[in-house]
Amino acid sequence: MTQFDDAIVRLLGSADSWITTAAHRERAEVVSPLDGRSVTTYPVCEPDDVTLAVTRARRAQTSWQKTSSQDRAAVLSRLSQLVWDWEKELLDLIQGENGKVRSHAFEEISDVAMTASHYAKRAPALLKPTRVPGPLPLLSRATVHHHPLGVVAVISPWNYPFTLALSDALAALAAGNAVVVKPDSNTVLSALAAKVLVEKAGLPADLFHVVAGRGSVLGPPLIKNCDYLMFTGSTATGRKLAVQAGEELVGFSAELGGKNALLVLHDAPIRRAVKGAVKAVISNAGQLCISTERIYVEDAVWDTFVPRFVRAMKKVRVGADYAWSTDMGPLISADQLTTVSEHVEDAKAKGATVLAGGEPLPHIAPHAYAPTVLTDVTDDMVVARSETFGPVVSLYRVADTEEAIARANDSEYGLNASIWTNPVRGQSVGARIEAGTVSINDAYVVAWASMHAPMGGMKASGIGRRHGDTGLLKYTEPQTVATSLVHPIQVPPLIGERGWSRIMRTFVKAWR
Ligand code: NAD
């Protein structure tokens, strides 16, 4: 029995207890990318199960929305502690199911704990009805209320399976909604662990459902029946779901793909930049939406940065185990290995130079791939513009900062960037990058973990944001209730339309 099996037993018992099903269903296997072993099975949901989950969630939500925002926040507060009480089991489960190394699994559970604490503190203030000025001072007033939407659907991917199933759901729950989560079929157990923990934290029954199965089967009934869709995944799927959400007129927020750039400018702290760039490329074996796939190095520091970076990439310890000392794990699946291999082989065939890696590592795990550095990459190569989602980075030499900014922005995506430079200059360069988050002198953590700040994608990388106030308020229906205190705002007796329009004109001009 491995640590993975043990974590399943301790956290979940049987997967069946935590998945909403209306009848007996066919089963799918959970295969661990660490050793290719089939570990357990779970029931595959049908559309009827989605209907059942949403119906039960909707019923439970009517009571939940009447609880105080402080009581709801208390659940999040307890959850942020529970994550640490169950840290070992969670790390083992996420690693076993996804294949990532321990430190990258740790980033996931930290994200959940931080998000839970942040919204536990912030939600009551955000949800309080707010008085705003009415149109006529002293004679009118307006109050903005934030009502929950009802049932929020969360469709999540496999790459950060615990936090992406749970963190957005936490904001939705804090705002008074119920949640139905549809995780990726490769990583259902991590979403079930999320359900176990929120219920241990005191979330009443039926407010958090998990339906497991194919997106194309469960997506349509979920979108049809929910009141908001939070999607994290590929841009291709995001576009399809946007159409469905549009047809149903339900709110939609999407965190999508990227082709993230890292800039090493002439005044970069080179030693730190090398370390940061390695982390930015290899985190979760590059299967991180905000990981780096393009590095632009200013001519002045190319000869200093590149050899050191290549050396550091060659030293990355790739493994398939539960040790804290392993730097990078295998890819999650055969499909992912095929995509990564195809991108690299296409680049090689068209003349790219491989400075490090460039091959699978089957002796480590069935889908392991070496940390790979390419140069001489040209625009006709797939790797130049398409998201690889693996530990593969292309290095480009640029004349100066202006060229680095222009080339970083020359992408259909706009998710994340990292810039290595003087910190003061970094702010102004960062603001010129077309990406939803930019980290200065850090791989990605400083922007990602800024819970007060919004996070998400520009261009084809997304719509809407998570984190920050907007990450919670998007799960509410803002309502304005305004009162005319003395007299309705309409023509008073004896004044007439013309006189009234003169008064109003004077008043509106005075407001300019
Ligand atoms: P994917 O779009 O294939 O799948 C994501 C989820 O959508 C899964 O649960 C899947 O079952 C579901 N799905 C697929 N087709 C569907 C359909 N027709 N209807 C409803 N649901 C459907 O993405 P993936 O390959 O699993 O994830 C990797 C992608 O996600 C990468 O592009 C990555 O950059 C992106 N991602 C983005 C963020 C972010 O925050 N911006 C975070 C993580 C991953």
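Helices (H or I, at least four residues) and strands (E, at least two) are DSSP runs, numbered from the N terminus. This is a predicted model, in which local features need pLDDT of at least 70, side-chain atom pairs count only at pLDDT 80 or more, and totals for chains, interfaces and linings use all residues. Residues are numbered from 1 along each chain as its sequence is written, and side-chain values use heavy atoms, with hydrogens and water left out.

**View 1. Welcome to the two domains.** The chain is divided into domain 1 (3-256 + 467-476) and domain 2 (260-460), with bounds that come from an automatic or database domain assignment. Their C-alpha centres lie 29 Å apart. Domain 1 brings 38 residues to the contact and domain 2 brings 38 residues, where contact means heavy atoms within 4.5 Å.

**View 2. Here is the largest pocket.** A pocket is an open set of points on a 1 Å grid over the protein atoms alone, with protein on both sides within 12 Å along at least five of seven lines, and lining residues have an atom within 4 Å of a point. Grid points are joined across faces, edges and corners, and a volume is the space filled by probe spheres set on the points. The largest pocket has a volume of about 1100 Å³. Both domain 1 and domain 2 give residues to its lining, so the largest pocket lies between them. Of the 42 lining residues, Trp158, Asp184, Gly233, Ser234 and Thr237 lie nearest the centre. Helix H9 (235-248) is among the elements that supply at least two residues, and H9 gives the largest share, six residues. By class, the lining has 17 nonpolar, 18 polar and seven charged residues; Ala, Val, Leu, Ile, Met, Phe, Trp, Tyr, Cys and Pro count as nonpolar, Asp, Glu, Lys and Arg as charged, and the others, Gly among them, as polar.

**View 3. Next comes the largest cavity.** A cavity is a set of grid points where a 1.4 Å probe fits but cannot get out. The whole structure holds four cavities of 30 Å³ or more, and the largest has a volume of about 140 Å³. Look for Asp111, Leu164, Cys289, Trp448 and Arg466, which lie nearest its centre among 13 lining residues. Helix H6 (residues 163-174) provides the largest share of this lining, three residues. Domain 1 and domain 2 both contribute lining residues, so the largest cavity lies between them.

View 4. Strand E16 (residues 416-420) and E17 pair in the parallel sense over four bridges, and Ser418 has Ser439 in E17 as its bridge partner.

Terms used:
Pairing = 2+ DSSP bridges.
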